[in-house]
Amino acid sequence: MGETLIQNADTVLTMDDDDRVFHQADVLIRDGVIVAVGQGLAATDRGYGGQVLRGEGCIVTPGLVNTHHHLYQNLTRAVPGAQDALLFGWLQRLYPIWSRFGPEEMFVSAQLGLVELALSGCTLSSDHLYLYPNGARLEDTIHAAAEVGLRFHPTRGAMSIGESNGGLPPDHLVEAEAAILNDMIRVVDGFHDSGEGAMCRVGLAPCSPFSVSRELMRDTAVLARDKGVMLHTHLAENEEDIAYSQAQFGCRPGQYAEDLGWTGPDVWHAHCVKLNPAEIDLFARSRTGVAHCPCSNCRLGSGIAPVRQMRDAGVPVGLGVDGSASNDMANLMGEARQTLLLQRVAQGADAMSPYEALKIATRGGADVLGRPDCGRLATGKRGDVAIWDVSGVGSSGSWDPAALLLAGPSQVKHLFVEGRQVIDNGEVTTLDLPVLLERHRGLAEHLMASD
């Protein structure tokens, strides 16, 4: 794999256990692993081969981590009728469109979505795929991620309660629960890598408490623990979500999750906008993770998640862009900045610093996904590194260029995943982007024409 020396960067934000920050410093990556971080490092002459990248005018951070996405949705951005709808109405508008997807739509959407994330500095992304129309399978996205070169944590989602049984999704988009569990076993056995440095880990992820049965939630938790994989779902996203839980289950979402085995360090829930203090305490005690999706929460009018209270209580929190039908963009630096601003809107200008928000976007997300080998720049950790050019217009005049979320670029200059360069001077290196864009555009136009 070779060696890369990032030399003389203006600032290196390590996000390591000691929160070390270096100035005029170097990062050495060899065979996919960070060998050293510090000053005065030198490339070796031991036959490794590789490159030296000059870091003047740049900030180096760990690669950003995306803890919640629906990659297939970037074929349905800004859909009329869904642009201004609340969550349940938004879903009802989009389900008929998504039912026309197949393997190609899943593959191409995943590739374009992951490229968009990579350009925003993301090196590790989860994905929540919960519908499988027309022969689509989870591996459509797994193969797409392998070609792009991002570290990937896909989750085998599911819906089993259709409209005829009081659910939201159309009946033809739901699956029999026995078939869901069998396919969960298949994809874990076929694609999950539990080892350190894994490029693909698989999680299990029934879509939400209002689209699957109590039995499937419980059975999935049992299966995940038997297989040693993580659990993911949506929880407490908005007031409709809370009302549904209380009406259908006689309790709040946090209690429902705990009753069914959906708390613990191997679980992370998306959104959690409406967690109350007792639920925050439950998540803190059990080390249950949260994927905070601020832009999507704003777009759908769901509210401001109590991230400050969660962090103070000890809840593991990472960031998610959510699907491109509810965010319309997939920029993790934008999510980090929005996290910062919303917590300040809710609780004052001293509620969160730019550094803390960036730490949530890197180390925080890695910890939520059970990846202590990622999300920090330290000896022995994976070579997932983002390099940001702070010599341009966006950072001009900044007294603290390391405060990237206040004044800095939202697109990365260079990006390395497992030591492999995926972005070089702002350009994707792993595939032909114009060809991908044309393929994606054709699929989107076909969907619009048939709507």
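This model contains 30 salt bridges, each defined as a side-chain nitrogen of Lys or Arg within 4 Å of a carboxyl oxygen of Asp or Glu. It is a predicted model, in which local features need pLDDT of at least 70 and side-chain atom pairs count only at pLDDT 80 or more, while totals for chains, interfaces and linings use all residues. Residues are numbered from 1 along each chain as its sequence is written, and side-chain values use heavy atoms, with hydrogens and water left out.

**Salt bridges**

- Side chains of opposite charge can pair when their charged atoms come close.
- Arg-439 pairs with Glu-104, with 3.3 Å between the closest N and O atoms.
- Because Arg-439 sits in helix α13 and Glu-104 in helix α2, this pair ties together parts that are 335 residues apart in sequence; helices here are DSSP runs of H or I with at least four residues, strands are runs of E with at least two, and both are numbered from the N terminus.
- Arg-439 is partly exposed at a relative accessible area of 37%, and Glu-104 is also partly exposed, at 38%; the classes are buried under 20%, exposed over 50% and partly exposed in between, for a 1.4 Å probe and protein chains only.
- Glu-418 and Arg-151 form a salt bridge with closest N and O atoms 2.6 Å apart.
- That pair links distant parts of the chain, as Glu-418 lies in the loop between β15 (414–417) and β16 (420–424) and Arg-151 in strand β8 (residues 151–158), 267 residues apart.
- Glu-418 and Arg-151 are both buried.
- Within helix α8 (residues 277–286), Asp-281 and Arg-285 are four residues apart, about one turn of the helix, and their salt bridge has its closest N and O atoms 2.8 Å apart.
- Asp-281 is partly exposed at 38%, whereas Arg-285 counts as exposed at 57%.
- One network, joined by salt bridges that share partners, takes in Arg-137, Glu-139, Arg-156, Glu-175, Asp-183 and Arg-186.

**Helix α13**

- Helix α13 (residues 433–449) has 17 residues and spans 24 Å from first to last C-alpha, close to the 24 Å expected (1.5 Å times one less than the number of residues).
- Its buried residues are Leu-436, His-440, Leu-443, Ala-444 and Leu-447.
- These lie on the same side of α13 because they cover an arc of only 100 degrees around the axis, taken from the directions from the helix axis to the C-beta atoms.
- The other side of α13 carries the exposed residues Pro-434, Val-435, Glu-438, His-446, Met-448 and Ala-449.
- The buried residues of α13 pack against α1 (87–98) and α2 (103–119), with contact meaning heavy atoms within 4.5 Å.

**Helix α1**

- Leu-87, Phe-88, Trp-90, Leu-91, Leu-94, Tyr-95, Ile-97 and Trp-98 are the buried residues of α1.
- They cover an arc of only 165 degrees, so they fall on the same side of α1.
- These buried residues of α1 pack against α6 (239–249) and α13.

**The largest pocket**

- The largest pocket holds about 220 Å³ of space, the volume being that filled by probe spheres set on grid points joined across faces, edges and corners.
- A pocket is an open set of points on a 1 Å grid over the protein atoms alone where a 1.4 Å probe fits, with protein on both sides within 12 Å along at least five of seven lines; lining residues have an atom within 4 Å of a point.
- Of the 14 lining residues, Leu-75, Thr-76, Arg-77, Val-79 and Met-448 are the closest to the pocket's centre.
- Helix α13 gives the largest share of the lining, four residues.
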